[in-house]
Amino acid sequence: MGWFDGWFGGSNANSDPLRKLDPKLREFLERESPIKYNASSQSQSQAQPQSQSQSQSQSQSQSQALPQAQQQDPSKPPVPPESLFPDGRYAHLWKTYKPLSAVEAETKTDSEKLHDILEAYKERRAAIGRAALENCADQQAAWADCMKSGSWSARATMCRDEVRAFERCYNAQNRLLKALGYLSVHGRGPEVDEEIQMRADELYQKMLAQEKAIEEAKREGRPIPQFRSVFEEGAATAFGSTGTGDLPEEPSAETLAAWKKKLEKLPEEEREAEEQALRAEYKAKVQMATQVHNIWKEQAKEREARKAEGKDTLIDKWNSFVSSITGR
């Protein structure tokens with residue numbers, strides 16, 4: 001009745017696929033084949049995935065149980081995020097771990113710190129320019145298309161209208177980004193600055209729509225509509241501000257007079273944005289000066305400590321002499 005087993009999948013149906021061969025042929029195949037066949041290997045291979053899945057489930061349950069046990073036992077050291085073992089293994093080796101950035105920050109000299117502050121200020125200004133270019137990509141593309149395939153009259157004037165539209169967009173976006181505090185807070189998440197960039201583009205489009213509505217009202221003889229300023233209360237400071245320490249946050253009288261002269265040279269519709277940008281740029285400069293001032297204060301404390309211990313150097317004596325002359 002073995003053929004019933006072949007039909008209905010009996011227990012010996014697939015146990016040995018070579019059972020029906022001639023004994024001599026089977027002996028030849030077993031002798032010449034590079035892979036030695038064993039009837040029991042198939043049953044072992046079928047049982048192996050089940051054992052692997054059981055072992056994986058057991059390891060997962062153990063790995064999940066270990067962090068829970070670690071949370072219940074406060075005496076064990078916490079697992080740092082840099083560790084590759086969330087179950088708590090080798091956590092004691094990470095007690096004194098410090099990231100490379102923290103080590104480099106601690107070992108930097110004062111001159112290196114000052115250099116980093118100045119470079120960060122320059123990089124911020126360059127990043128604002130790049131963000132303004134991204135927001136004016138449409139105007140820049142229109143300028144390029146005009147130079148390539150524009151009309152003869154437009155190319156004869158070097159695409160003057162497209163150039164003016166691009167320059168105005170770039171200047172306006174630059175002012176708006178500064179006024180809204182783009183890259184003004186160190187260590188802030190990039191998603192906040194991306195939101196500021198989108199907000200600057202939104203405000204610029206709103207300004208263009210307002211100007212278009214005013215021009216249409218003048219052309220049709222209707223009353224000129226009144227719009228609220230895009231820099232309504234809280235708009236420029238909605239994304240946070242930076243502290244300035246001991247330095248003044250308000251500009252001096254000379255600075256305000258210089259701003260007034262600069263604003264008088266601009267059109268009426270651009271003065272408010274320029275004023276907000278000037279104030280934001282002033283705050284960025286004050287922040288940079290505050291960082292430099294804090295470094296000088298730390299230097300003075302270290303110099304006084306060495307002087308009290310009688311370990312002041314020639315450079316310390318020279319700095320004290322210069323401070324007594326300049327009054328700094």
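# Disulfides, helices and contacts

Student: Does Cys169 count as buried or exposed?
Tutor: Buried means under 20% relative accessible area, exposed over 50% and partly exposed in between, with a 1.4 Å probe and protein chains only. The relative accessibility of Cys169 is 0%, so Cys169 counts as buried.

Student: What kind of model are we looking at?
Tutor: Residues are numbered from 1 along each chain as its sequence is written, and side-chain values use heavy atoms, with hydrogens and water left out. Local features need pLDDT of at least 70, side-chain atom pairs count only at pLDDT 80 or more, and totals for chains, interfaces and linings use all residues, these being the rules for a model that is predicted.

Student: How many helices does the protein chain have?
Tutor: Helices (H or I, at least four residues) and strands (E, at least two) are DSSP runs, numbered from the N terminus. From the N terminus on, the elements of the protein chain run α-α-α-α-α-α-α-α-α-α-α-α. The count of strands is 0, and the count of helices is 12.

Student: Which cysteine is joined to Cys136?
Tutor: A disulfide is a pair of cysteine sulfur atoms within 2.5 Å, and by this rule the count comes to 2 disulfides. The pair that includes Cys136 has an S to S distance of 2.1 Å, and the partner of Cys136 is Cys169.

Student: How many residues apart are these two cysteines, and where do they sit?
Tutor: Cys136 is in the loop between α5 (110-135) and α6 (137-149), whereas Cys169 is in helix α8 (residues 160-179). Cys136 is buried, with a relative accessible area of 0%. The pair links distant parts of the chain, and the separation in residues is 33.

Student: Is the disulfide of Cys146 and Cys159 left-handed or right-handed?
Tutor: The sulfur atoms of Cys146 and Cys159 are 2.1 Å apart and form a disulfide. This pair links distant parts of the chain, from Cys146 in helix α6 to Cys159 in the loop between α7 (152-156) and α8, 13 residues apart. The torsion about the S-S bond is about -95°, so the disulfide is left-handed.

Student: Which value is phi of Met158 near?
Tutor: Most residues other than glycine have a negative phi. Met158, which is found in the loop between α7 and α8, is exposed with a relative accessible area of 52%. Phi of Met158 is positive in a residue other than glycine, and is near 60°.

Student: Which value is phi of Cys159 near?
Tutor: Cys159 is found in the loop between α7 and α8, and at 1% relative accessibility Cys159 counts as buried. Phi of Cys159 is also a positive value in a residue other than glycine, and is near 55°.

Student: How are α5 and α9 placed relative to each other?
Tutor: Axes are lines fitted to C-alpha atoms, for helices over the stretch in contact, and angles run from 0 to 180 degrees between N-to-C directions. The axes of α5 and helix α9 (residues 190-220) come within 10 Å and cross at roughly 50°. Angles under 35 degrees count as roughly parallel, over 145 as roughly antiparallel, 65 to 115 as roughly perpendicular and the rest as oblique. The two helices, α5 and α9, are therefore oblique.

Student: Which residues in α9 meet α5?
Tutor: Contact means heavy atoms within 4.5 Å. On the α5 side the residues are Ala131, Glu134 and Asn135, and those they meet in α9 are Gln197, Ala200 and Asp201.

Student: Which residues does Trp259 contact beyond its neighbours in sequence?
Tutor: Trp259 lies in helix α10 (residues 253-264) and is buried, with a relative accessible area of 11%. From C-alpha to C-alpha, Trp259 and Leu278 are 7.7 Å apart in space, although 19 residues separate them in sequence. Leaving aside neighbours within four places in sequence, Trp259 is in contact with Pro251, Leu278, Arg279 and Tyr282.

Student: Which residues does Arg175 touch, not counting those up to four places away in sequence?
Tutor: Arg175 lies in helix α8 and is buried, with a relative accessible area of 13%. The residues that Arg175 touches, with those up to four places away in sequence not counted, are Leu266, Glu270, Ala273, Glu274 and Ala277.
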